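My notes follow in the order in which I looked.

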Amino acid sequence: MNEKDLLEFLHDYKSEKISETDAIARLKNLPLHAVENLGFASVDHARELRQGFPEVVYAAGKTKEQLRAIFKSLYERGDGNLIATRADREKYEFLIDAVPAAQFDEISKMIYVDRNKKIRRDDTRKILIVTAGTSDMPVAEEARLTAYLFGNTVGACYDCGVAGIHRLFAHLKEIETANVIIAVAGMEGALASVVGGLTDKPVIAVPTSIGYGASFNGLAALLAMLNSCAAGVSVVNIDNGFGAGVLASKINKINLVVSD
């Protein structure tokens, strides 16, 4: 049950199309109906009602059959946007017959369904994604597409790290007008501190596993970002573009009221 279903249920009860007895029975069984047991997975169909977005599928480690069954279940029992992260083209091509509306993004490795093309996005509240290098783009694109599918206006400035800091300063206007900023960087992860020192808006730092041996697959960038001296910088896990996109969206929508 999503928000639309809940509103229809309340309207039916208010107009006496549903009796009190039937209403109580449906509400009692709501937690049971919200979870669909597929044997290998318990699909949470009430997550959109609780969090505003359906359950997101982590495709890595799942067979193509498992991914198709979960994604098909979410698609058929909801009407919102859907995401499967860390997927590949083989899994996408296997499920496309079951979910013809699904699309695949080659850079972010995300399978998604965009069913809310009429979403009104507030251009005055923009999420900006900044990367240190082009190699950070897969993680950045995961964050960008996630935030976009959550209904946000999203901008991006790629390959403007501290090795050529003039490239970052060329985007000062975008940084100053953004409502939330996601800073994505590997190597030494210095970008987050620099961006944090240039804005009064929240900065979400995403360390990536990009770098040579002593970067320890992103650990160096993670520790650098956790130790940032710039106030207002939070840090998500290594390569977790999805988590950054979700957090940025929630921050961006706090106290947001869109009038007709």
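Which backbone oxygen lies 2.9 Å from a polar atom of the side chain of Lys91? Working in what is a predicted model, I found that this oxygen belongs to Ala59.

I then placed the lysine itself: Lys91 lies in helix H5, which covers residues 89-95. I noted that Lys91 is buried and yet has no salt bridge. Leaving out residues up to four places away in sequence, I listed what Lys91 touches: Ala59, Ala60, Gly61, Lys62, Thr63, Lys64, Leu67 and Ile111.

Next I turned to the sheet. I recorded an open sheet of 5 strands, in the order E8-E7-E9-E10-E11 and with parallel pairing. Its edge strands, each pairing on one side only, are E8 (153-157) and E11 (233-235), and the twist averages 25° from one strand to the next.

I looked at one pair in detail: E7 (residues 126-131) runs parallel to E8 and is joined to it by 5 bridges, and the bridge partner of Ile127 in E8 is Val154.

Last, I checked which helices go with these strands. Helix H6 (residues 137-149) lies across E7, E8, E9 (180-185) and E10 (203-207), and runs at about 175° to E7. Helix H10 (residues 219-226) also packs on the sheet, where it touches E9, E10 and E11, and its direction makes about 155° with that of E10.

Technical notes. Residues are numbered from 1 along each chain as its sequence is written. This is a predicted model: local features need pLDDT of at least 70, side-chain atom pairs count only at pLDDT 80 or more; totals for chains, interfaces and linings use all residues. Side-chain values use heavy atoms; hydrogens and water are left out. Two strands pair if DSSP finds at least two bridges between them. Helices (H or I, at least four residues) and strands (E, at least two) are DSSP runs, numbered from the N terminus. Axes are lines fitted to C-alpha atoms, for helices over the stretch in contact, and angles run from 0 to 180 degrees between N-to-C directions. Contact means heavy atoms within 4.5 Å. Buried means under 20% relative accessible area, exposed over 50%, partly exposed in between (1.4 Å probe, protein chains only). Lys and Arg count as positive and Asp and Glu as negative; His and the chain ends are not counted. A salt bridge is a side-chain nitrogen of Lys or Arg within 4 Å of a carboxyl oxygen of Asp or Glu. A polar contact is a pair of N or O atoms within 3.5 Å; within protein, one must be able to donate a hydrogen and the other to accept it, and residues adjacent in sequence count only if both atoms are side-chain atoms.
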